Amino acid sequence: MNLHKILKIVAALLGLAGIIFLVMVISKGDTAIQSAAADGDSAILDPMLYVTYFIFGLTILLVLIFVLQNLFTNTGSLKSTLIGVGAFAAVLVISYVASSGSDAGDYLYNGAPATEGEAHMVGAGLVAFYILIVGAAVAMLLSGIKKITK
């Protein structure tokens, strides 16, 4: 039995479990779930959440396995992947250096004023987001211009 057939069987079983748990949740009704959640009881939703966590973990594991397998069997893609990872790391470093965290006390985090480190990391995330958005827009623009001029 090959891996593809095994994965199809696992997917079918997980899909069936998800459907069964969905029917159980729907049969309980919204009011029963909300009143149980208000009392701190999540037993109605727990089985469906466990299936979801398992599927998510399995997906992440399989993606990592197949990506790493492809990277090391296709060395041409390894070089371009490392360039992409390096460029992303450079954007993160530039963002961290460019942000200051000087407005730390202006914002609340969990009811307390944000520390300088928290403000610095949030600022770095925002700067990285802006750099990546501009980069994506420029790439789309250049791609469109290239297609038009061909």
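Begin by selecting Ala 119, His 120, Gly 123, Ala 124 and Ala 128, which are buried residues of H5 (buried means under 20% relative accessible area, exposed over 50%, and partly exposed in between, with a 1.4 Å probe and protein chains only). The model is a predicted one, in which local features need pLDDT of at least 70 and side-chain atom pairs count only at pLDDT 80 or more, while totals for chains, interfaces and linings use all residues. Residues are numbered from 1 along each chain as its sequence is written, and side-chain values use heavy atoms, with hydrogens and water left out.

Next, show the whole of helix H5, residues 116–149 (helices are DSSP runs of H or I with at least four residues, strands are runs of E with at least two, and both are numbered from the N terminus). Its 34 residues should span 50 Å at 1.5 Å a residue, and the end C-alpha atoms are 49 Å apart, which agrees; the expected span is 1.5 Å times one less than the number of residues.

Now select His 120, which is buried because its relative accessible area is 15%. A polar atom of the His 120 side chain lies 2.8 Å from the backbone oxygen of Tyr 96. Not counting residues up to four places away in sequence, His 120 touches Tyr 96, Ser 99, Ser 100 and Gly 101, where contact means heavy atoms within 4.5 Å.

Move to Ser 95 in helix H4, a residue that counts as buried because its relative accessible area is 1%. The Ser 95 side chain reaches the backbone nitrogen of Ala 128 at 3.1 Å, and, leaving aside neighbours within four places in sequence, Ser 95 is in contact with Ala 124, Val 127, Ala 128 and Ile 131.

Staying in helix H4, select Ala 87, which counts as partly exposed because its relative accessibility is 43%. From Ala 87, draw a C-alpha to C-alpha distance to Leu 142: the two are 55 residues apart in sequence and 19 Å apart in space.

Finally, select Leu 3, Ile 6, Leu 7, Leu 61, Ile 65 and Phe 66, which make a nonpolar surface patch of about 490 Å². Helix H1 (3–28) and helix H3 (46–73) are the elements that give two or more residues to this patch. Within it, Leu 61 lies in helix H3 and is partly exposed, with a relative accessible area of 46%. Patches are made of residues with over 30% relative accessible area and no salt bridge, with like charges joined within 9 Å and nonpolar side chains (Val, Leu, Ile, Met, Phe, Trp, Tyr) within 5 Å; a salt bridge is a side-chain nitrogen of Lys or Arg within 4 Å of a carboxyl oxygen of Asp or Glu.

Technical notes
Accessible areas come from the Shrake-Rupley method with a 1.4 Å probe; for residues, only the protein chains shown count as cover. A polar contact is a pair of N or O atoms within 3.5 Å; within protein, one must be able to donate a hydrogen and the other to accept it, and residues adjacent in sequence count only if both atoms are side-chain atoms.
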